[in-house]
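Keep the model open while you read.

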Amino acid sequence: MHRYTILTISLLSVTSCFACPGHVRRAANGTVTPQSYTVQTRIKPSVPTSNVAITNVRIWDGYRVHEPDTIFIEGEFIVKKLRTVDEVIDGANGILLPGLIESHAHPGSTKDLETLSSYGVTTVLNQNCQNYEYCSSMRGQTGLTSFFTAGLSAKAPGSSHANNSNSPLDTLIWSPSQAPAYVGNVFGNGSDWLKIVSEADGPDQATQNALVREAHSMGKKTNTHASDLESYIMAIVSGTDRPQHMPLDGLLNETMLDLMRSQHQYATPTMKVYYDVLHIPGAGASLGHPGITFDEGWAFVKQNVAAMHAKGIPILAGTDSTTPYAGLSVPFGSSLHDELWYLTEAGLSPQDALRAATTVPAWAYDLPNRGAIAHGMRADLLLLQPNADPFKAINDTKKISRVWVGGLEYMNLAGNSSATQ
Ligand SMILES: [Zn+2]
């Protein structure tokens with residue numbers, strides 16, 4: 001068991017997500033007061049040094065489940081063999097998965113990282129950084145979900161996102177000539193990738209193109225938010241690496257799907273947030289489509305995901321989970337398990353859905369030692385209960401027995417292990 005002491009630091013931060021003030025379309029003059037989050041920083045325990053053997057586990061290697069075997073952990077990493085073993089854990093014939101990677105979320109505190117860890121989500125990709133000091137504080141929390149982050153999202157003056165996040169003019173972009181300075185600032189502040197917000201009143205095509213070109217010239221990758229057909233097409237055309245969300249107002253045509261495929265673009269549909277938002281009465285208006293019903297919006301989202309999957313465009317599992325806002329909360333951790341279910345609803349097999357939360361994001365985000373169980377990989381592991389078989393029923397990923405994050409078994413401050421359902 002690992003216990004931690006917590007320091008509390010107050011920072012001003014605003015998340016930016018599809019379902020919260022940063023992403024929901026509102027009247028141009030709509031404003032949102034930045035929320036104050038309490039950021040908890042752990043006094044970090046030292047890296048794990050013990051040698052652990054987990055016996056009697058059925059390992060999923062990304063393609064099939066193997067016969068019961070033993071897996072060894074040396075410190076932070078998985079190894080083939082150990083000379084000495086400090087601790088032996090009986091896996092009780094449960095299926096062992098790589099720790100899950102959440103490809104679109106907005107964690108606001110170490111408490112959120114705790115929740116993610118408890119659900120076997122061992123890596124989270126934060127999709128907007130409103131405060132670089134805060135983002136830096138979230139990194140490298142030993143024994144907790146690893147945090148990687150976008151920079152401050154590139155938004156245009158007068159756009160819905162800029163207005164809703166009260167963005168000062170000097171943080172916005174409206175011309176291709178500003179791209180070098182904007183991108184330089186994002187990466188000068190330690191961001192892992194650039195995030196662009198494509199929307200009806202967002203940066204124009206030339207500006208999006210320039211942002212992507214500039215990031216690529218620095219050897220960096222880009223993500224682009226786009227939740228309607230027109231904005232999504234702009235994102236595809238810009239050559240962005242990883243479009244976020246999915247058009248809810250129409251279907252992408254074959255030309256666009258072919259272009260995505262040929263440009264090696266990865267899709268992160270975030271079906272979970274659509275499912276939840278579209279169920280809220282009047283949500284269509286806040287999404288920029290006043291008349292849209294759940295059935296209409298959900299059908300477009302699902303059909304677009306199915307078409308991409310059929311085309312061979314790689315799909316990443318992300319949820320847009322965030323801290324509660326205006327009666328809507330896409331919760332951390334459990335929502336990623338829901339996303340796996342929705343991806344299977346759109347035609348992915350359970351294996352494909354699990355790859356969307358493991359191997360595929362590891363490739364897409366250049367995370368070489370994550371997303372698989374093999375010698376030399378990080379010991380990020382999710383052990384399921386003996387009766388769980390996600391390859392028959394994807395919801396069984398929620399039947400969690402134990403979780404390891406970088407070789408440390410996850411225990412919350414009360415000394416309890418992972419969330420179980
Ligand atoms: Zn988001």
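1. A term to settle before we start: "buried" means under 20% relative accessible area, "exposed" means over 50%, and "partly exposed" is in between, with a 1.4 Å probe and protein chains only.

2. Some ground rules. This is a predicted model, so to speak: local features need pLDDT of at least 70 and side-chain atom pairs count only at pLDDT 80 or more, while totals for chains, interfaces and linings use all residues. Residues are numbered from 1 along each chain as its sequence is written, and side-chain values use heavy atoms, with hydrogens and water left out.

3. Back to those cysteines. How many disulfides does a search of the whole structure find? It finds one, where a disulfide is a pair of cysteine sulfur atoms within 2.5 Å. The bond joins C129 to C135, with 2.2 Å from S to S. The link of C129 and C135 is right-handed, with 130° about the S-S bond.

4. Now the metal. Which protein atoms are the donors of the zinc ion? They are NE2 of H104, NE2 of H106 and OD of D320, lying 2.1 to 2.3 Å from the ion. Donors here are N, O and S atoms within 2.8 Å of the metal (3.2 Å for Na, K and Ca); water is not among the atoms, so sites may look incomplete. Along the chain, the zinc donors follow the spacing H-x1-H-x213-D. Both H104 and H106 are buried.

5. Next, strand 8, which covers residues 100-105. Helices (H or I, at least four residues) and strands (E, at least two) are DSSP runs, numbered from the N terminus. Strand 8 is mostly covered, and six of its six residues are buried. Two strands pair if DSSP finds at least two bridges between them. Strand 8 and strand 9 (residues 121-126) run parallel and are joined by four bridges, with L100 opposite V121 of strand 9.

6. Carry on across to strand 10. Four bridges also join strand 9 to strand 10, again running parallel. In strand 10, T149 stands opposite N126, and F147 stands opposite V124. Strand 10 takes in residues 146-149: S146 and F148 point one way, F147 and T149 the other way, and all are buried.

7. Put together, these strands make an open sheet of three, in the order 8-9-10, with parallel pairing. Its edge strands are strand 8 and strand 10, each pairing on one side only. Neighbouring strands of this sheet are turned by 20° against each other on average, direction ignored. Axes are lines fitted to C-alpha atoms, for helices over the stretch in contact, and angles run from 0 to 180 degrees between N-to-C directions. Helix 11 (residues 334-345) lies across strand 8 and strand 9, running at about 95° to strand 8.

8. There is another open sheet to look at, with three strands in the order 11-12-13 and parallel pairing. Strand 11 and strand 13 (242-244) are the edge strands, and each pairs on one side only. Neighbours in this sheet are turned by 25° against each other on average, direction ignored. Strand 12 and strand 13 pair in the parallel sense over three bridges, and T224 has P243 in strand 13 as its bridge partner. Helix 5 packs on the sheet and touches strand 11 and strand 12, its direction making about 175° with that of strand 11.

9. T207, Q208, A210, L211, V212 and A215 are buried in helix 5. What do the buried residues of helix 5 pack against? Helix 4 (179-188), strand 11 (194-197), strand 12 (222-225) and helix 6 (229-238), where contact means heavy atoms within 4.5 Å. Helix 5 is followed by G219, whose phi is positive, near 75°.

10. Last, H161, which lies in helix 3 (residues 160-164). At 1% relative accessibility, H161 counts as buried. H161 and E199 are 38 residues apart along the chain, and their C-alpha atoms are separated by 8.5 Å.
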